[in-house]
Amino acid sequence: MSPEIDALTQALARLPGLGPRSARRAVLHLLKKRETALAPLLDALAAVSDRLTRCHICGNVDTCDPCAICADPRRDARALCVVEEVADLWALDRARIFPGRYHVLGGRLSALEGVRPEDLSIDALVRRIEGGGVDEVVLAMNATLEGQTTAHYIADRIERFPVRVTQLAHGLPVGGELDYLDEGTLAQALRARRPVA
């Protein structure tokens, strides 16, 4: 294998979800389908690489600033969903169930990893809320200890504003069977129980 092909294989192997074997298969596919797979991939990578930027409003990654979500006039600017990472924003937006806008923190508070409030875009979030026009803040943190710590910290920081603060529900997944769920999920589902309609 040439050094260039080996370098391509190693670069792909560093991507999440791809190991050395998957990277080799991907490279072989790209080489085999050079015109229909490799050329379009190179064009797409070049276009994104040249224009990639972070939205100055919400922290999303896009090829324009403000990003397509912040620039969309059909979005409800009164509803703001706070997420830990861009991947969380993309996952929620892909479901097309949240009509508002987003705010990406860039991580979560973690004493073990040394992540402090000033390391995240919490101050920018507070400024957005302080600017007015936001009626609801949805805290869409991951259901981890650090995620919930972050959610509580943010709730404390914004409690002085006249906004409704909500949080994603946690508990039983649709189709989940009780004996396959961990104790934390079961405990949260039991705490969040509601009347049968």
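Me: What should I know about the model before I start?

Reply: The model is predicted, so local features need pLDDT of at least 70, side-chain atom pairs count only at pLDDT 80 or more, and totals for chains, interfaces and linings use all residues. Residues are numbered from 1 along each chain as its sequence is written, and side-chain values use heavy atoms, with hydrogens and water left out.

Me: Is Gln148 buried or exposed?

Reply: Buried means under 20% relative accessible area, exposed over 50%, and partly exposed in between (1.4 Å probe, protein chains only). Gln148 has a relative accessible area of 19%, so Gln148 is buried. Arg21, at 61%, counts as exposed, and Leu41, at 35%, as partly exposed.

Me: What does Gln148 contact, apart from neighbours within four places in sequence?

Reply: Contact means heavy atoms within 4.5 Å. For Gln148, the partners are Met141, Asn142, Ala143, Gln167 and His170.

Me: In which order do the strands of the open sheet lie?

Reply: Strands (E, at least two residues) and helices (H or I, at least four) are DSSP runs, numbered from the N terminus. Two strands pair if DSSP finds at least two bridges between them. Here 4 strands form an open sheet in the order E4-E3-E5-E6, with parallel pairing. Its edge strands, E4 (100-104) and E6 (164-167), each pair on one side only.

Me: How many bridges join E3 to E4?

Reply: There are 5 bridges between strand E3 (residues 76-83) and E4, and the two run parallel. As one example, Val83 has Val104 in E4 as its bridge partner.
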